[in-house]
Amino acid sequence: MQGKDWADRRKALDPTIYRAKYYVLNIDVDAEIGGIGGGAKTIDNTPFVLERITHGISFRPDGVNQDGNYTLQFRDDQSVYNTEPALAQMLFGGVFNGNRVLDLPLRMFFQGSSTLNIDVVNYTDRTGGGVTNFQLGIVFHGFERWDSPRQ
Amino acid sequence: MTDLQREISNDRRNQLNPYVWRDKYYNFDIVTNTARNRIETNSVVVSNAPFMLDRITYRTIFLQDSTPPYPYVYNEVRFAVNTNYLNNDFADSRLLFGYADNGDKVLPLVERWLCKPGDSLVIEQRQAPRSAGGEFTFNYTQQWVFHGFEKWNQ
């Protein structure tokens, strides 16, 4: 179902007008249970259409497993998009443990220069080996209009 | 390839007229090592036909003996067509494109990208700030493949 819908959505756009675009956000999160982290990404001054979010622990220190035991809350300047934070892999799927990336049910449109915010809560004690924090990578996948084919 | 991906793939293929578009891929290798922040770039030029980029896959080849399990290789990449798209940030390549190690974790680009003849497909690959194998630096080759369609009936 998701695949068919996805393909349908891709069909609808002219590749001479829309191109893939992504934005990256790296967040430092405390390694202790309940540790928090947060970050914000301001997009370019071009409208951006968000299609999917991927996430994973980057540059993980020794002893930090790619277990997905952290929650994400996602919002922009105006709106909160998940009122009750849930485990990130339940919201968006996981890249590291399989191909079960979940596209957003509907694309989100953002005006240029909008700010996308992510709040993270760590649910597992990762302090073994003297680790105090770890870095979580977030990628906002989408597309932008380039108006006309490049000359 | 999973059933889901096969469905997506078939669906996308079916919408293209085979008398106009045919499968096409470009590829190159990036030879590098795991030293922190090491940067390597490579590119390939689109031949004399429009190319519609659909997905990017990559795979690591270890050149130097390394005791299994192999240390993790943390790549941050950014991707460009010509040079007008290099304003993206670096990110873990698995988050950007999925991971092609087992052939079933590939993320298609959200939208296809139409490239003109003469465009360069560029990968700038930077090793993560953290060393992959502790303080042990080893060489490896990263193979990149750009999958898509070529317009052959012009």
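A residue is counted as buried if 20 or more other C-beta atoms lie within 10 Å of its own. By this criterion, 34% of the 154 residues of chain B are buried in the predicted model.

Chain B contains 2 helices and 10 strands. Along the sequence, these elements of chain B are arranged as α-β-β-β-β-β-α-β-β-β-β-β. Among the contacts in chain B between residues at least 6 apart in sequence, 85% link residues at least 24 apart.

Four strands of chain B form an open sheet in the order β2-β9-β4-β5, and their pairing is antiparallel. Strands β2 (39-45) and β5 (91-92) of chain B lie at the edges of this sheet; each has a single partner strand, so one side of each is left without a neighbour in the sheet. Within the sheet, strand β4 (residues 75-81) of chain B pairs with strand β9 (residues 120-127) of chain B over 7 bridges, in the antiparallel sense. Opposite Phe79(B) stands Ile123(B), a residue of β9(B).

The largest nonpolar core comprises 54 residues, of which Leu136(A), Ile138(A) and Phe140(A) touch the most other members. Strand β1 (residues 18-30) of chain A supplies the largest share of this core, with 7 residues. When residues up to four places away in sequence are not counted, Leu136(A) touches Ile27(A), Val29(A), Gly37(A), His55(A), Ile57(A), Ser58(A), Tyr70(A) and Val120(A).

Note on methods:
Residues are numbered from 1 along each chain as its sequence is written. Chains are lettered from A and ligands numbered from 1 in the order in which they are written. This is a predicted model: local features need pLDDT of at least 70, side-chain atom pairs count only at pLDDT 80 or more; totals for chains, interfaces and linings use all residues. A residue is buried if 20 or more other C-beta atoms lie within 10 Å of its own, exposed if 12 or fewer, and partly exposed in between; C-beta atoms are placed from the backbone. Two residues are in contact if their C-beta atoms, placed from the backbone, lie within 7 Å. Two strands pair if DSSP finds at least two bridges between them. A nonpolar core is a set of buried Ala, Val, Leu, Ile, Met, Phe, Trp, Tyr and Cys residues joined through C-beta atoms within 7 Å.
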